[in-house]
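Please open the structure in your viewer and keep the sequence beside it.

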Amino acid sequence: MDGGFALGPGLLRLAQSYLDAFDPVRSFREQVSRLGDREETLQLATMDGADVVYLAVHEGTVLMRLTSRAGARLPVTCTALGKAMLAGLDDSGVCELLATREPFEARTPWSLTTLDALLAEVREVRTAGHAVDDQEAAEGIVCVAAAVPGPAGGGRSFAVSSSLLKSEATPERVAELAALIKGVVRRMGGAA
């Protein structure tokens, strides 16, 4: 390397230090550590423009190959995390953010590709208090997410999710997972 620079492990340590000091990440880690050994893998993410960016992942006892890892990005339009955070905006805010991106990226045959379809789902999220992505980001995977309550003045959005195999996504199991996630985000919001 003729006088150039190379990225090394020090950059990874620096990035991890930043994430450790980031209050939502610390709060997420504290709350999921209190759950004890559970099968579910839980993820914390934020929104960066029209993308979901994963900030932290807590591995459960049942390993499932997921696309989520700290730093990974997915479109807000095809993730439960994205829909949960979009629900914090009013319809005009969602339109302002995404109108020029239509049709949305179709990651699977079940991905939402229109603003109208997405707005209908976001309205359901506002009522239910949690979002579901039914194979929209990855075939065979259902994801459930809820937004972390934020400060009254707004600011950056965060959400927590967990995924399960489509074959295991009975209405009862999805409701159980939603309750688990809502408990985590409620305690995180109280810690903020």
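Begin with Cys95, which counts as partly exposed at 25% relative accessibility. This model is predicted. Next select Cys143: is this residue buried or exposed? Cys143 has a relative accessible area of 6%, so it is buried, the cut-off being under 20%. A disulfide is a covalent bond between the sulfur atoms of two cysteines. How many disulfides does a search of the whole structure find? The search finds 0.

Now display the strands. Strands of a sheet pair through backbone hydrogen bonds, either parallel or antiparallel. Here, 6 strands form an open sheet in the order S3-S2-S1-S6-S5-S4, and the pairing is antiparallel. At the edges are strand S3 (73-75) and strand S4 (131-134), each of which pairs on one side only. From one strand to the next, the twist averages 30°.

Select strand S1 (residues 42-48) together with strand S2 (residues 51-58): these antiparallel strands are joined by 7 bridges. Within this pair, Gln43 stands opposite Val57 in S2.

Ser111 is buried, because its relative accessible area is 9%. Which backbone atoms does its side chain reach? The side chain of Ser111 lies 3.0 Å from the backbone nitrogen of Arg107, and a polar atom of that side chain lies 2.6 Å from the backbone oxygen of Glu136. Leaving out residues up to four places away in sequence, Ser111 touches Cys78, Glu105, Ala106 and Glu136.

Methods:
Residues are numbered from 1 along each chain as its sequence is written. This is a predicted model: local features need pLDDT of at least 70, side-chain atom pairs count only at pLDDT 80 or more; totals for chains, interfaces and linings use all residues. Side-chain values use heavy atoms; hydrogens and water are left out. Buried means under 20% relative accessible area, exposed over 50%, partly exposed in between (1.4 Å probe, protein chains only). A polar contact is a pair of N or O atoms within 3.5 Å; within protein, one must be able to donate a hydrogen and the other to accept it, and residues adjacent in sequence count only if both atoms are side-chain atoms. Contact means heavy atoms within 4.5 Å. A disulfide is a pair of cysteine sulfur atoms within 2.5 Å. Two strands pair if DSSP finds at least two bridges between them. Helices (H or I, at least four residues) and strands (E, at least two) are DSSP runs, numbered from the N terminus. Axes are lines fitted to C-alpha atoms, for helices over the stretch in contact, and angles run from 0 to 180 degrees between N-to-C directions.
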